[in-house]
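Hi everyone, thanks for coming. Please take a moment with the sequence and the picture before I start talking.

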Amino acid sequence: MLAENKVNVTLCPFQLNLLDFDPKSTAWVELEHGSTLYDLAKDYIPGHLIEESFPQSFSVNIIKPEGSHGDVCKSASRTKLDLGLGSFVFVDTRGLKLRALHQAIGAPIGTDCGADWYRNLVIFSPDIGQQNDLVLFCNDLVKASETTDEGRFSIFNWNLCRQIWRKEGSCKARPVESVVLPNKLKDKL
């Protein structure tokens, strides 16, 4: 006789009864914590919320000012709002009204970098046939993260726990004339 093992299985990245809207006619995409798209969307959404999105939950994190790498600081703010847990309504990069559900699921689990919660960000489009709009939104976030400003360079740090490079800030590029290099090498630059 085989022993019965109970295994928790889910076919949906959220619990239907906990949502403040009916997702049955929507399309959605799940962005898992630790992915670059999760971070990009989590940074984008707080600045593009629609006022009807209540309650609004945020966390506050300390940021390095632009001037922390020898540049003149452009902002007096040392903190930024991050997306808290809950349901949000926001406008995407193309003006489409989307919903987002940011959640922590289950009990904390052990990881290589300490205890952590399983978290995800589920983004919903208004209609079931609009999954392409979700892909376009994700593409726009990636493109925006890869743009550079003339006369500046990006600074990245390696995140050991997540095994990815994370953008830390940007800095004003110094003139090539101020760099001590042989003239032949400077001419190649």
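Predicted model: local features only at pLDDT ≥ 70, side-chain atom pairs only at ≥ 80, totals over all residues.

**A walk through the chain**

Together S4 and S5 make a hairpin, with 5 residues between them. In its turn sits Gly 95, whose phi is positive, about 90°.

Now let's step back. How many helices and strands does the chain have? There are 3 helices and 8 strands. Read from the N terminus, the order is β-α-β-β-β-β-β-α-β-β-α. The chain has 189 residues, and 28% of them count as buried. If we take contacts with a separation of 6 or more, 55% come from residues 24 or more positions apart.

So what is on the inside? As a rule, nonpolar side chains in soluble globular proteins tend to be buried together. Here the largest nonpolar core has 18 residues. Leu 31, Ile 45, Phe 90, Leu 121, Ile 123 and Phe 137 have the most contacts inside that core.

Let's zoom in on Leu 31. Leaving out residues up to four places away in sequence, Leu 31 touches Leu 37, Tyr 38, Ala 41, Asn 120, Leu 121, Ile 123 and Cys 138.

Next, the outside. The accessible surface of the chain is about 13100 Å², and carbon and sulfur atoms hold 56% of it. Which residues form a nonpolar patch on the surface? They are Phe 156, Trp 158, Leu 160 and Trp 165, with about 500 Å² of accessible area together. Trp 158 belongs to strand S7, residues 152-159. Is Trp 158 buried, exposed or partly exposed? Trp 158 is partly exposed, because its relative accessible area is 40%, which falls between the 20% and 50% cut-offs.

Last stop: Lys 186, in helix H3, residues 183-188. Beyond its neighbours up to four places away in sequence, Lys 186 touches Val 176, Glu 177, Val 179 and Leu 181. Lys 186 and Val 176 are 10 residues apart in sequence, and their C-alpha atoms are 7.3 Å apart in space.

Terms used
Residues numbered from 1 in each chain as written. Heavy atoms only, no water. Helix = DSSP H or I, 4+ residues; strand = E, 2+ residues; numbered from the N terminus. Buried < 20%, exposed > 50% of the residue type's maximum accessible area, 1.4 Å probe, protein only. Contact = heavy atoms within 4.5 Å. Areas by Shrake-Rupley, 256 points an atom, 1.4 Å probe, with all protein chains shown as cover. Pairing = 2+ DSSP bridges. Patch = residues over 30% accessible without salt bridge, like charges linked within 9 Å, V, L, I, M, F, W, Y side chains within 5 Å. Salt bridge = Lys/Arg side-chain N within 4 Å of Asp/Glu carboxyl O. Core = buried A, V, L, I, M, F, W, Y, C linked by side-chain atoms within 4.5 Å.
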